[in-house]
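Here is a quick tour for anyone opening this model for the first time. Have the sequence and the 3D view side by side, and follow along from topic to topic.

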Amino acid sequence: MEEQLVRLLTETQSPQEGPRKNAEWQLKQQYANPDFPVALVSIGQHSDVPINTRQAALLYLKNFVLAYWSQQYDEFSGQIYDDESRKAQIRQSLLDLAVSGRGERKIKSAASLVVSKIATADFPDDWPDLLPTVLDVIGTGTDAQLHGALKVLNELVDDCFNEEQFFKVARDLVKVVYDVAINEAQKPTLRALAVSVFRSCFDTLEMVMEDHKAEVKGFAEEALAGWLPFFITSLESPLPPAPSDEEDGRESGAAELYRGSVAFKIQVVKTLMRVRSVFPSVLSPHSLALFSVIWKELSTLQSSYQQMYIDDDRQGRLVDADGLPYTLDFLVLEELDFMQACLRAAPVRKELEQQLRSQNSVSSSWITEMMRVAVSYSQITTEEEGLWEVDVNVFLSEEVNVSTNYAPRTACGDLVIKLGEWQNAATVDGLLAYTKTLYSENAGWKAKEAAMYLLDKLLGEFQDVEKSIGADAANGYVDFIQYALQEEAVFLRARGYLVAGGLTRTSADALHPVAATFMHASLQAISSDDSEVVKVSCIRALQYYLAALPPAVTHPQQSAIIAALSDYLNTQDFSDLDDSDDLLITIVETLRDAILLDTRSCLTVGGLGLLFTVASRGANNFQIALFVTETFEEIASTIAATGSAAYAQLSQKVLPSLTGAFDVASLTDENALANLAAELLSVLAENGSTPMPAGFVASVMPRLNKMLLGSQDDELLKSATAAIKHMLSHDPEQVFSFQDQAGKGGLEVVLIIIDRLLNPAVDDSGAAEVGGLAAEVVENAGSERLGPYLVQLLRAVAARLATATQAQFIQSLIMVFARLSLTAAQDVVTFLADVQVGDQSGLQVVMSKWLENFITFVGYEDIRKNVDALTKIYDLNDPRLAQIQVKGDLIVQRSDRIMTRSRAKQNLDQYTVIPAQLKIIKVLVEELLSASGRSIDPAAAADLDDEDEEDDDWEDDPNDFIDLGNGMTKSQLMAYAAEDGPTADRGRDDETQASLLNFFRQTAQKPGFADVFNALTPEEQEKLRSLGNA
């Protein structure tokens, strides 16, 4: 059997799909064979079998374990492997393999992973000797055994221990790995693994800290009492000499020692960062010492980093078989991040502020020294230089911070930004002082570019937080910018253009005397410079000038900017670029800013044509499509506001391009292009004049009709439906007078479209706009034109509402009845009461959906119409409404049991059942609060976050990014939910509030309202009292 499995495992790695798929299928058939997992272990142990085949065997064993070993795995197949003797054999064999004396790191890593998967189910009940064996090997084994045991222990800490198991062994575990870490006779890689295990312990500590805060913090303080001095000593120890190029790839000797030492230090810094995130107050007293040693090491490593990555092209970002990063760039990156974190510690800030006060000038202060370090590590590496020269998109992705490549250069930018938040003026002055030093010493172009790069990042942050740079500092950079623009080095020249624009934008009017010259130079360089990097930098820099300079300067340049962008785009062969999205985004952003200087120029200048050209090339990119749509919305709304003649001119200019896009899309199956064209047509129609230009409907309706009757694309259906809805709203007569090739009139064409969209076969999302379209038909056609089709249409809307689940779609369908209720509420109720939808009345279906989903409705106008419609329906006091039962309030389940996902599925939310009339009042009370613009009570908000933050005097960044790995407080989660959720405050709506207050004042005087009021919850009663008296 083993020979057969070796053959199949080998074939699973074949580049030929046929043999590979067949081998995978045959291996799956072996899962039912009880000898299969034993054979896989045997193959994994067999030294004569190739390493990759043995790895594959252990991988298949891991998959088998997850599918058959225990019911607790998410991947469990439903059939359990219950041969206990074979299980015991497999466990022992795997552990022996993982902690064997062989130097096979890949095999041991794979075996360790399987051990940890089994241990999650079997430890400690069925495998009690696992941890004692591992700890014993760590204490007494050879280097090879120690490596395997540490890998197993790391996996166990990561995946297997619950809080009870962890605390039983925590002290012994920490002591064992501490002994390995401090043993300088051990290989640095083994010491690094030991530190990595210790770091993993903090993940477990963090999870249990909420329930056992005092015990966990006490344990951490006890453990760190020994580890922190050791960490400081380790960081103070210098790295061994770096190997030469020839030695770099060797597996032994100086190269191995260097790699291991770097890996060890990386794990030390990573652990310090983890400790800081979980127990900042424990680390705070040591923060100054740690900051000093990190700064000293970064200063020491500058020359090695320069030689390896700036002057040479050493390979960086490398990780060994154990997952340990071991190259110098990783160490520098970790230390820069930790240095930034230290700047937030109170002891560090206090000391640095004192030094700053005692020094005569910033130029001789620690800030300037820090700039020296930051500039050193911000220099463009040889690798980056090569990549950016080949593809400007890579350069642009780094510039706009959308790249996943977080490198020392990026970290230095973040460091300077953080410093600027704390010491605003001193940071700018310190960077300027060091920049002057670089030019006086005639430093290389990379150092000069790095200094200006850091300034660029600082300026970007100032812009985001609405700070400005002082006039003296801004003018102090003018000479350096002018030097940079004349430099031969491409990246320094490009940086000069970017900084010139950034300074103009963030220095108020300080640079206005020279800004126009800089802008003109950028405009000229787009067509005249030889470098693509410089050209795209100038295109990006134009955005800054257009935002900062007065109209008298920018408006005369509008046509020249659009022409320059058009000429540049015409020189690009996008088929040669694997990914040109970043370039197109930069172009469309600048084009947008140029067009918005004066949108009326679109009727005469070529801005619109260029916008549509970019759209056709970047329709697949959501961000490009969004920029194009937003720009066109502004164009259409502002031009339409000037009058029907200008709108007609815009339509005449735009419609051929949009209809052409539909035709191209239908020939090439470019769904994204059709979607964007439909969205733009919807925008154009929404801003239409009344009446719309002659021929507008006839030019677009055939294509819209074809798409709406044939497409399955949700976004296309939604946009195309909205376009017809808007045309009906602005010019119903032109729509109704339309005739297709078969002679069908416009009303019949629209009704056929509505019928198709109301079919349950069309997804809710795709039909989201059909309610609005139906409402426009009902309002504008009236019962005279619709005749018997009116009842059929309303019945179809009610029937589709019964199966609708998507919030936007439900709102769309409800609006049909809401708008009718504004003028004929009694007729709507009577009609719905007489309509049967399945086994329910139409009134039951519509009122249930309406009242249960009202809280999710969006849009001021739609909400206002719904509120008015519900008040009119309530005022009918129709007994048929009193008989309608709908969902009331959520019934809160009281239980001491932890609510797991499986229990949650078994215990679905339950609600009270109340009459529709009462539910209307509840909905309107809630809406009265929303319309008032009042948010959640501050005291209640404070109660949401009743946990003391464990940050002591090492304060967390008040603008921390969301780190899903570190968890968030309740208040943070509630805040994010409130921002995006359906109940988020939407600001005051005076008209709706006035209408509701008037309704409640009148209703409160009517007989029987006291009973309704008493049926409300105490909270609702209080809302009504407080807002009623406001």
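Is Arg317 buried, partly exposed or exposed? Arg317 counts as partly exposed, because its relative accessibility is 37%. Keep in mind that this is a predicted model. The chain has 1030 residues, and 53% of them are buried.

**The overall picture**

- You'll find 51 helices and four strands in the chain.
- The C-alpha trace spans about 95 × 80 × 70 Å along its principal axes.
- Take the contacts between residues at least 6 apart in sequence: 75% of them join residues at least 24 apart.

**The largest nonpolar core**

- This core counts 347 residues, and the ones that touch the most other members are Met727 and Trp850.
- Helix α41, residues 807-834, gives the most to this core, with 13 residues.
- Leaving aside residues up to four places away in sequence, Met727 touches Ala685, Met692, Phe696, Val697, Val700, Met701, Leu704, Pro732 and Val735.
- As a bit of background, nonpolar side chains in soluble globular proteins tend to be buried together.

**Helices α10 and α11**

- Look at α10 (residues 188-208) and α11 (residues 213-236): their axes come within 12 Å and cross at roughly 155°.
- That angle is over 145 degrees, so α10 is roughly antiparallel to α11.
- The crossing of α10 past α11 is left-handed.
- On the α10 side, the contact uses Arg191, Val195, Phe198, Phe202, Leu205 and Val208. Facing them in α11 are Val216, Phe219, Ala223, Leu224, Trp227, Phe230 and Phe231.
- Sorted by class, this contact has 12 nonpolar residues, one charged residue and no polar ones.

**Helices α22 and α25**

- The axes of α22 (residues 445-464) and α25 (residues 490-506) come within 9 Å, crossing at roughly 25°.
- Since that angle is under 35 degrees, α22 is roughly parallel to α25.
- Here too you can look for a left-handed crossing, with α22 passing α25.
- Residues of α22 in the contact include Trp445, Met452, Tyr453 and Phe462, while those of α25 include Phe491, Leu492, Val499 and Leu503.
- The class count for α22 with α25 is 11 nonpolar, five polar and five charged residues.

**A stop at Leu485**

- Leu485 sits in helix α24, which covers residues 478-486.
- Leu485 counts as buried because its relative accessible area is 12%, and the cut-off for buried is under 20%.
- Its contacts, not counting residues up to four places away in sequence, are Arg493, Gly496, Tyr497 and Phe518.
- Leu485 and Ala521 are 36 residues apart along the chain, with 9.0 Å between their C-alpha atoms.

**Backbone details in the loops**

- Phe123 and Pro124 are joined by a cis peptide bond, with omega about 0°. Pro124 belongs to the loop between α6 (105-122) and α7 (130-140).
- Another cis peptide bond links Thr690 to Pro691, again with omega about 0°. Look for Pro691 in the loop between α34 (671-686) and α35 (696-710).
- Back to Arg317: this residue is in the loop between α14 (287-311) and α15 (328-342). Its phi is near 55°, a positive value in a residue other than glycine.
- Asn442 also has a positive phi near 55°, and you'll find Asn442 in the loop between α21 (424-440) and α22.
- Asn442 is exposed, with a relative accessible area of 63%.

Key: Residues are numbered from 1 along each chain as its sequence is written. Side-chain values use heavy atoms; hydrogens and water are left out. Axes are lines fitted to C-alpha atoms, for helices over the stretch in contact, and angles run from 0 to 180 degrees between N-to-C directions. Helices (H or I, at least four residues) and strands (E, at least two) are DSSP runs, numbered from the N terminus. Angles under 35 degrees count as roughly parallel, over 145 as roughly antiparallel, 65 to 115 as roughly perpendicular and the rest as oblique. A crossing is left-handed if the near helix is turned anticlockwise from the far one by less than a right angle, and right-handed if clockwise. Contact means heavy atoms within 4.5 Å. Ala, Val, Leu, Ile, Met, Phe, Trp, Tyr, Cys and Pro count as nonpolar, Asp, Glu, Lys and Arg as charged, and the others, Gly among them, as polar. A nonpolar core is a set of buried Ala, Val, Leu, Ile, Met, Phe, Trp, Tyr and Cys residues joined through side-chain atoms within 4.5 Å. Buried means under 20% relative accessible area, exposed over 50%, partly exposed in between (1.4 Å probe, protein chains only).
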